[in-house]
Structures are given as structure tokens and as C-alpha cells.
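Work through the exercises below with the model open. Each task is followed by a solution in steps.

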Amino acid sequence: MANQLIQNLKKLQNKEKARIQQKFFKTGKGEYAEGDIFLGVIVPEVRKIAKKNISLQLDQVQILLISKYHEVRLLGLIILTYQYANMVNINNEIEQKNIVNFYLSNTKYINNWDLVDASCYKILGEYCYQYKLEDILSKLTYSSILWERRISIVSCFAYIKKSELNFIYSIIPRFFNDKHDLIHKACGWMLREAGKRNKFLLENFLKENFEVMPKIMLRYALEKFSENEKSRILK
């Protein structure tokens, strides 16, 4: 079944789009996604295939995740998000845990920022929030693997959507000295989203930390503030 889905994606291949994507997602030598291969299939088409194959068994999803093609891995992850949502809807805690364990055992294939962002908070974030398992995310914040650190941050989106902001504010300072801008951008994004729920808390956090935060993290966090508000905070 998985091999047929891979063939279906290959039929949608667009070489010109693939060329643009490989440049955009930094697949060149020495870049963060070195060697990743794109088919040039747009995300809506990947989602369309995923929705038709929600019942795919995990051993078949595994075949998708180990693929050399970026969009095939994305397909596997999107299928997992749909499966996890279904298990939540029917309150199947055992299958939720199975999917989460499967996700965590395959993080080495979740190896670009869009793959992380499309899946982690919908699976791992929701699970940790529901069962109060912040320790899982906390442990990932110390990972030597870039993508696992990003997973720990973006998974907090599940908390933020429910206006539970304490955890994200507790872990952000761990990344002030992180060497990768993809981590700084993820932190800034989550801070910005937290600010949409409670602007006062974000303002206080930024006042306390703006001098030690990476500039790009601060810039992302301040995006929804007016120029006057930014000036007041930065004073």
C-alpha cells in the first residue's frame, strides 16, 4: 500500500517546483537539510492523498517515513496527525500512546522544519498536554539534534492554543544560547502566539529578557506589537 502511495506522489512530480523547493529548504552541501530530495508536489495534494489513507497501518507509514523523498515523509506524518486526531475523538488512550511512541522513535526522519511544524504539536504536543507529560518535551529541549529541539518548542503550540502558557515561558530561556536560527525563529513564533492569548505576559517576559535574547527571536516575538509598543518595551 505504501509503495502505491509513493507512486501516486511521483505521478504529481514537478521538476521546476522541486528545484525551487530544494533551494528554499536549504538542501545544499553544508546546509541544514543537505541531500534532501523533493518531488515538487504541493502540500494540498499531499493532504488530499493523506485524507484518503487515514487507516494506513503503522508498518506502512514507516515505509513512507524512511523515504528519500521529502513529500513522501510529509505524507506519512500528515497521515499520523489524522490518525491521532481520530484516536482522541474516540478516547482511545492506548492507540494515542502507540502513535506517540511511533512518532518519537522516528524523529530522525522528521528532518526539516516543515515536517516538524506540520506534525509535532498535533501529535506529541496534544498528547503531552492531555496527559500532563511535559517531561517528554522538556527532555527534548536538551537534544543535540536540531529537529528534536524544534519539536520540543513547536509542540508547545498545543498548550498555547489552550491558553496554557507557563510551560513555553519556562523552556524558552534554554534556547537563548542555541546556535541555530531555526530554533530562534521557532521560539519567536511561539512567543508571538503566546502573546495573542495574553499580551501582558509576553510583554513582561520580553522586558525581562530582551537584552539576552537572540535578535531574530525578539523580532519574531514583537511582530504583533505596534511601533510605539516595541519602543516602550525595548526601553
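Contact here means heavy atoms within 4.5 Å. Helices (H or I, at least four residues) are DSSP runs, numbered from the N terminus. This is a predicted model, in which local features need pLDDT of at least 70, side-chain atom pairs count only at pLDDT 80 or more, and totals for chains, interfaces and linings use all residues. Residues are numbered from 1 along each chain as its sequence is written, and side-chain values use heavy atoms, with hydrogens and water left out.

**Exercise 1.** Describe how helix 3 packs with helix 5.

Solution.
- Residues: Val43, Val46, Arg47, Ile49, Ala50 and Lys51 of helix 3 meet Glu71, Leu74, Leu75, Ile78, Ile79 and Tyr82 of helix 5.
- Composition: this contact has 9 nonpolar, no polar and 3 charged residues. Ala, Val, Leu, Ile, Met, Phe, Trp, Tyr, Cys and Pro count as nonpolar, Asp, Glu, Lys and Arg as charged, and the others, Gly among them, as polar.
- Geometry: the axes of helix 3 (residues 43-51) and helix 5 are 9 Å apart, at an angle of about 50 degrees. Axes are lines fitted to C-alpha atoms, for helices over the stretch in contact, and angles run from 0 to 180 degrees between N-to-C directions.
- Class: helix 3 is therefore oblique to helix 5. Angles under 35 degrees count as roughly parallel, over 145 as roughly antiparallel, 65 to 115 as roughly perpendicular and the rest as oblique.

**Exercise 2.** Classify the packing of helix 12 and helix 13.

Solution.
- Geometry: the axes of helix 12 and helix 13 (residues 199-209) cross at roughly 135 degrees and come within 6 Å.
- Class: helix 12 and helix 13 are therefore oblique to each other.
- Residues: Leu191, Gly195 and Arg197 of helix 12 meet Lys199, Leu202 and Phe205 of helix 13.
- Composition: 3 nonpolar, 1 polar and 2 charged residues make up this contact.

**Exercise 3.** Is Thr107 buried or exposed?

Solution.
- Place: Thr107 lies in the loop between helix 6 (93-104) and helix 7 (113-131).
- Cut-offs: buried means under 20% relative accessible area, exposed over 50%, partly exposed in between (1.4 Å probe, protein chains only).
- Result: Thr107 is buried because its relative accessible area is 9%.
- Partners: leaving aside neighbours within four places in sequence, Thr107 is in contact with Glu148 and Ile151.

**Exercise 4.** How many residues of helix 9 are buried?

Solution.
- Count: 9 of the 9 residues in helix 9 (residues 146-154) are buried.
- Cover: what covers them includes helix 6, helix 7, helix 8 (134-140), helix 10 (157-161), helix 11 (166-171) and helix 12 (181-197).

Technical notes
Helices (H or I, at least four residues) and strands (E, at least two) are DSSP runs, numbered from the N terminus.
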